[in-house]
Amino acid sequence: RPRVLSGIQPTADSFHFGNYLGALRQWVDLQRDHQPFFFIADLHAITVEQDPKVLRERSLRAAAQLLAMGIDPARSSIFIQSQVPAHAQLGWVLQCLTGFGEARRMTQFKDKSAKQGEGAASVGLFTYPVLQAADILLYRPHYVPVGEDQRQHLELTRDLAQRFNSRYKKTFRLPEPYILKATAKIADLQEPTRKMSKSASSAAGIIDMLDDPKVSAKKVRSAVTDSGSEIRFDTEEKPGVSNLLTIHSALTGTAIGDLEQEYAGRGYGDLKKDLAEIVVDFVTPFRERTLELLDDQAHLTSVLQQGAEAAGAVAEATLRDVYQRVGFVAAA
Ligand code: TYM
């Protein structure tokens with residue numbers, strides 16, 4: 001079975017619909033006929049300052065949410081990045097293979113460091129994509145299911161894999177991004193030309209998976225729509241309506257074209273009202289399940305420990321190859 005790998009940062013109390021529709025849903029689906037490794041990227045989280053207590057809580061909440069949405073520990077290794085030291089270890093080796101200018105071109109670094117001022121941004125934020133490359137390459141995956149915003153990091157990952165392979169010896173598989181076009185970029189409900197983002201969106205622009213469903217319904221009903229009145233999928237002219245159609249279609253499995261027909265002659269209000277109900281029906285059981293899982297922390301931490309052991313075995317084998325090829329002396 002082909003391998004897949006992906007990660008998510010524990011930097012909010014809840015995942016949002018961009019995370020879910022852009023990436024996490026694919027994680028669940030790919031479990032069926034792939035060998036998956038999924039992790040909570042706590043090393044990545046500390047590239048910006050985190051409160052230790054909150055970080056720990058959020059990592060466990062992230063794990064509970066992954067299980068609640070259907071990640072099955074019998075099929076997938078689910079683990080916390082910091083529990084597998086090989087990530088940081090390979091990260092260092094790859095940093096030594098990355099050009100300064102190459103790292104500087106990463107648009108996510110440019111965006112994030114511009115906010116704090118480049119001088120104030122951590123060196124970790126700068127090398128973040130290189131650690132991500134290590135995360136991926138350790139498992140030699142065929143596919144990496146992510147949203148569109150991660151594409152550039154995957155290109156860097158492939159470049160670094162190729163560079164290592166040609167400088168030393170073929171060690172890494174060149175992974176393919178697995179990005180579903182329809183849901184690759186879920187937009188902010190209030191600013192539909194921008195992506196829904198935990199760091200950049202206003203609260204009203206984000207649908208959090210663990211929010212009170214009534215709050216989420218209200219956010220959907222207050223979503224910004226576009227001028228005109230026709231319900232049509234057109235991301236240029238009607239980004240707001242198109243985003244609502246995308247979310248509707250993804251949650252109900254109805255083709256966008258069929259939705260356009262269903263809503264022909266009806267108003268934006270109808271679409272928002274229906275979508276609000278669909279969202280409530282979706283998040284209500286998800287939220288209950290997550291809260292149940294969070295009540296049993298012993299179970300949660302044991303699942304994560306098993307995941308870390310399974311992942312660690314694979315990761316360490318790759319790291320051993322790397323260390324040997326780079327020229328490090330093996331411990332006796
Ligand atoms: P993160 O934690 O920001 O987001 C997790 C996943 O959600 C996707 N996503 C979206 N997809 C569609 N529309 C949106 N509005 C939206 N917002 C977020 C992201 O593309 C991502 O797939 N660097 C990664 C974490 C990471 C990783 C890795 C991923 C660390 N190591 C190795 C893959 C492989 C990140 O910050 O994702």
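Trainee: What makes a residue count as in contact with Phe15?

Mentor: Contact requires heavy atoms within 4.5 Å. Neighbours within four places in sequence aside, Phe15 is in contact with Ile8, Gln9, Leu24, Ala62, Gln65, Leu66, Met69, Ile207, Asp208 and Met209. This is a predicted model, in which local features need pLDDT of at least 70 and side-chain atom pairs count only at pLDDT 80 or more, while totals for chains, interfaces and linings use all residues. Residues are numbered from 1 along each chain as its sequence is written, and side-chain values use heavy atoms, with hydrogens and water left out.

Trainee: Which residues touch the most other members of the largest nonpolar core, and what makes a set of residues such a core?

Mentor: A nonpolar core is a set of buried Ala, Val, Leu, Ile, Met, Phe, Trp, Tyr and Cys residues joined through side-chain atoms within 4.5 Å. The largest has 54 residues, and Phe15, Phe17, Leu24, Trp27, Leu66 and Met69 touch the most other members. Helix α12 (residues 268-295) gives the most to this core, 10 residues; a helix here is a DSSP run of H or I with at least four residues, a strand a run of E with at least two, both numbered from the N terminus. Another core, of 40 residues, lies apart from it and includes Met106, Ala121, Val144 and Phe164.

Trainee: Why is Thr171 called buried?

Mentor: Buried means under 20% relative accessible area, exposed over 50%, and partly exposed in between, using a 1.4 Å probe and protein chains only. Thr171 has 5%, and is therefore buried. Thr171 belongs to the loop between α8 (151-167) and β5 (176-178). Its contacts beyond four places in sequence are Arg140, Phe164, Asn165, Asp321, Val322 and Arg325.
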